[in-house]
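Reader: Show me how to read a model like this one. Take one feature at a time, please.

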Amino acid sequence: MTASFPPDPAFADCPDRRDTGSEKWDRWAGRDILPLWVADMDFRAADELLAAIRQRVDHGVFGYTADPPGFAPALVAHLESLHGWSPDPASITGTPGVVTGLAITARLLAAADDGILTFTPVYPPFLTLPGLAGRRVVRVPLAQSAAAWTIDWDRLEAAVTPQSRLFWLCHPHNPTGTVFGRHELLRLADFVERHGMTMVSDEIWSDLLLDGLPHIPFASLDHPAARRAITLTAPSKTWNLAGLACAAAIVPDADLRRRWRPAGGGLVPMVNPLGYAAAEAAWRHGDDWRRRLVRILEHHRDLVLAAVAQIPGLAAAPPAATYLVWIDCRGSGLPDPQAACEAAGLGPSDGRDFGLPGFIRLNTACPTPRLEEALRRLRRAFGGG
Ligand SMILES: Cc1ncc(COP(=O)(O)O)c(C=O)c1O
């Protein structure tokens, strides 16, 4: 699989991101540490997206901008063609970020001290946002095996209290790369329905499933809990647009949609016009680029797994989605894997931020030679030669 992999020029030469205000590259600026942490890619955006942004720039007026008429239909067309789901375009509302959308759902759908359940380990804002909104996060650990991270249904039932209002599902799951299948999603739908909770499904990674696996949008299920669910999605992971701050909330309830923006309390800005232009172009014209990207990411995932398998004390279940690999370093005996990596010139994400010390998360979305150098440094960090 990896040996015969054909290189793709679109993902070979990346712009130098140093001194561009890149969060990823500034973190260890001036030090020889390869940054493979925060989830953006070093690849340049697709030509189709750059053309759409240029066209919008040429218009020359950048006033306050609400959802342009093409925004919701472009998202629906994309969801229909990739995932076989056609939500009502009227249910779609632009929002400057998926994280913003999560924060809004906490304020709209839960009261002070109510519980928001989520599977852990998880993308850090899932752990911090409930507290910032005066709500409580309820952590439900996933079960770990060599093959995958899966739902522990007993732990899930045991976590429920009368104050449990919301479930935040990261689907596909960051950092483990788990893709939840129809059977699990239906069982989750029964679970939230039985306990009177609303499902909020963060599907920002849903266009980056690997090995041809299908993504099943939670809200596409034939289930009452799915009809009430809120879906958050964005083109930002798939097409590397995070800095353009454009995401979408799919909110079937019209009254909730009216209250969506006010729930931001004047703190949440409108989406910017360049973000809208890029999003629409991504959904309408970005699929060829996306498919080529997925092939690179599968190759990179395989490279990381092969390296991890050769380093004593490291283990990783193969991710079925994302460009992230979640590595268990506890067998290495090193007390601080993150510090060991940084000392060896590698900058992953620290598992502590995801609620699980002893792990690191590697972002594989960079040119292949850079990833190979990162893996040499990973070996060095853990004494693997
Ligand atoms: C699961 C998940 N949700 C949301 C985000 C961030 O979304 P946004 O930049 O739209 O706030 C990320 C970024 O890595 C993510 O992994």
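**Surface, fold and rings**

Author: Start with the surface. The protein chain has an accessible surface of about 16,000 Å², and carbon and sulfur atoms own 53% of that. Such areas come from the Shrake-Rupley method with a 1.4 Å probe; for residues, only the protein chains shown count as cover. The model is predicted: local features need pLDDT of at least 70, side-chain atom pairs count only at pLDDT 80 or more, and totals for chains, interfaces and linings use all residues. Residues are numbered from 1 along each chain as its sequence is written, and side-chain values use heavy atoms, with hydrogens and water left out.

Reader: How many helices and strands are there in the protein chain?

Author: Helices (H or I, at least four residues) and strands (E, at least two) are DSSP runs, numbered from the N terminus. The protein chain has 14 helices and 14 strands. Its radius of gyration is 20 Å, close to the 21 Å from the globule rule for 385 residues, so the chain is as compact as a globular protein of that length. That radius is taken over C-alpha atoms, and the rule is 2.2 Å times the number of residues to the power 0.38.

Reader: What percentage of the 385 residues is buried?

Author: Buried means under 20% relative accessible area, exposed over 50%, and partly exposed in between (1.4 Å probe, protein chains only). Buried residues make up 56% here. Now contacts, meaning heavy atoms within 4.5 Å. Of the contacts with a separation of 6 or more, 75% are between residues 24 or more positions apart.

Reader: How many aromatic pairs does the count come to?

Author: Rings of Phe, Tyr and Trp (its six-membered ring) pair if their centres lie within 6.5 Å; planes under 30 degrees apart are stacked, over 60 edge-to-face, the rest tilted. The count comes to 14 pairs. Take phenylalanine 126 and tryptophan 168: the ring centres are 5.8 Å apart and the planes stand at 85 degrees, so this pair is edge-to-face. Phenylalanine 126 sits in helix H5 (residues 125–132) and tryptophan 168 in strand E7 (residues 164–170), so the pair ties together parts 42 residues apart in sequence. Both phenylalanine 126 and tryptophan 168 are buried.

Reader: What does H5 pack against?

Author: The buried residues of H5 pack against helix H4 (98–109), strand E3 (115–120), strand E4 (136–141), E7 and E8. Pro125, Phe126, Leu127, Leu129 and Pro130 are buried in H5.

Reader: Now the backbone. Which peptide bond is cis, with omega near 0 degrees?

Author: Here is the general idea. Most residues other than glycine have a negative phi, and most peptide bonds are trans. The bond from threonine 120 to proline 121 is cis, with omega near 0 degrees. Proline 121 lies in the loop between E3 and H5. The bond from asparagine 174 to proline 175 is also cis, with omega near 20 degrees.

Reader: Is threonine 322 buried or exposed?

Author: Threonine 322 has 2% relative accessibility, so it counts as buried. Its phi is positive, about 80 degrees, although threonine 322 is not a glycine. Threonine 322 is in the loop between H12 and E11. Compare alanine 245, with phi near 50 degrees, again positive in a residue other than glycine. At 28% relative accessibility, alanine 245 counts as partly exposed.
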